[in-house]
Amino acid sequence: MSIPEFLLELAIVVIAVVSLLTNLSVLLCFTQSSDLRSHVPGIFILNLCFSNILLTIINMPATFLGVTKSAKPFGDLFCQSVSFAETFLTTNAMLSMAALSMDRWVAVVFPLSYSSKMRYRDAFLIVAYSWLQSLTFSLVQLLMDWGGYSHTYASCTVHLDVEERSQLAAYATFTALFHCSSFALSLLVLCFAYLKVLRVARSHCKRIDVITVQTLLLLVDIHPGVKERCLAEQKKRRQRAAKKICIFIGSFIFCFSPYVITRLVELLPSVHIPRYWGITAKCLSYSKTSSDPFVYCLLRQQYRKVLVSTISRVLRKDKYLLSVHSTSSMLDTTEDNCIARIT
């Protein structure tokens, strides 16, 4: 085994473990908090988490075996099923991120009418559309027999065999439409929604700055250090908003764009994609499943509070059971000693 292959295998294992733990942590938060379940964006987050978990359980082990064996890890039927699942789950995850960005846009730009513009019915309709689009491309791929093992990516994915080069034009059209309607569409929605959110947030910050400066000018006896701290805090608020937007959009581009660009470039007959680069791009797309829980949930105070309280409650329960068991064992030992003395 070469060092690059070992590093790629290690990366897949680490990504899979982190993805499984973090996404299950998000689901745990939902089961323990009725407040989280009452929010409409929770539907999009649950849809995203389930897609990430299934992708981790189904596709990552298959890719790991493909890298390890340097050959098809399963039979043709199972490999087609894994490829079908990858197309469906990846598309569904991307559209879920786009739905979350639209939800934030509605909440920030139309705060007074948010409850009427984004209802549970609307959220379920958006999720239904996401499933429908994902299922459409997955079924077309299955019916055209374009799912199989790709040596370039060491995984069961969308793939056109050498003997089927007569279908290259149709396959290229499908690939371009697939990535345009999933990656490009989601990226467009993310950029539109979050940049609008940033623009509104900066506008609100400017209004707050004007009010704060006017208030500070009226307080002529206030210490200069207090004024500086107030202005510095406002600057930090603006920077935090811009940083969050960069994380939302930047993580999406960083994780998905290398893989998407590689899939489009390989359609050119004269281009050969190196195997190590193909697997690396695949791992980068997988890494989005482990970063999503942090980007959308676990870094927020509300989720952290629920998760910490749940873990603390479980630890206290285990500690209590342990103390009860030790006390019971001590009483049994004392009783045995007393019986031994009597006899």
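User: Is A154 buried or exposed, and what makes it so?

Analyst: Good one to begin with! Keep in mind that this is a predicted model. A154 has a relative accessible area of 0%. Buried means under 20%, so A154 is buried.

User: Where does A154 sit, and what is its phi?

Analyst: A154 is in the loop between β1 (147–150) and β2 (155–158). Its phi is positive, about 50°, although A154 is not a glycine. As background, most residues other than glycine have a negative phi.

User: Which other residue has a positive phi although it is not a glycine?

Analyst: S70 does, with a phi of about 55°. You will find S70 in the loop between α3 and α4.

User: Why is S70 called partly exposed?

Analyst: The relative accessible area of S70 is 32%. Under 20% would be buried and over 50% would be exposed. The value for S70 lies in between, so S70 counts as partly exposed.

User: R275 is an arginine, so what makes it buried?

Analyst: The number decides: R275 has a relative accessible area of 15%. The cut-off for buried is under 20%, so R275 is buried.

User: How do you know whether α3 and α9 run roughly parallel or antiparallel?

Analyst: Two packed helices are described by the angle between their axes and the distance between the axes. Helix α3 (residues 41–69) packs against helix α9 (residues 275–298) at an angle of about 155°, and their axes are 11 Å apart. Angles over 145 degrees count as roughly antiparallel, so α3 is roughly antiparallel to α9. Their crossing is left-handed.

User: Which residues make that contact?

Analyst: From α3 come I45, L48, N52, L55, T56, N59, M60, T63, G66 and V67. From α9 come R275, I279, Y286, T289, D292, Y296 and C297. By class, there are nine nonpolar, six polar and two charged residues in this contact.

User: What makes α4 largely enclosed by the rest of the structure?

Analyst: Count its buried residues: 24 of the 34 residues of α4 are buried, so α4 is largely enclosed. For comparison, buried residues make up 43% of the 343 residues in the protein chain.

User: How far does α4 reach from its first C-alpha to its last?

Analyst: Helix α4 (residues 76–109) reaches 50 Å, close to the 50 Å expected at 1.5 Å a residue.

User: How do you know whether S186 is buried or exposed?

Analyst: Its relative accessibility is 0%. Since buried means under 20%, S186 counts as buried. S186 is in helix α7 (residues 168–218), where it touches M94, L95, A98 and F252, leaving out residues up to four places away in sequence. S186 and S101 are 85 residues apart in sequence, yet 9.4 Å apart in space, C-alpha to C-alpha.

User: And how many helices and strands does the protein chain have?

Analyst: It has 10 helices and two strands. From the N terminus on, they run α-α-α-α-α-α-β-β-α-α-α-α.

Conventions:
Residues numbered from 1 in each chain as written. Predicted model: local features only at pLDDT ≥ 70, side-chain atom pairs only at ≥ 80, totals over all residues. Heavy atoms only, no water. Axes fitted to C-alpha atoms, helices over the stretch in contact; angles between N-to-C directions. Helix = DSSP H or I, 4+ residues; strand = E, 2+ residues; numbered from the N terminus. Parallel < 35°, antiparallel > 145°, perpendicular 65-115°, else oblique. Left-handed = near helix turned anticlockwise from the far one by under 90°. Contact = heavy atoms within 4.5 Å. Nonpolar A, V, L, I, M, F, W, Y, C, P; charged D, E, K, R; others polar. Expected span 1.5 Å × (residues − 1). Buried < 20%, exposed > 50% of the residue type's maximum accessible area, 1.4 Å probe, protein only.
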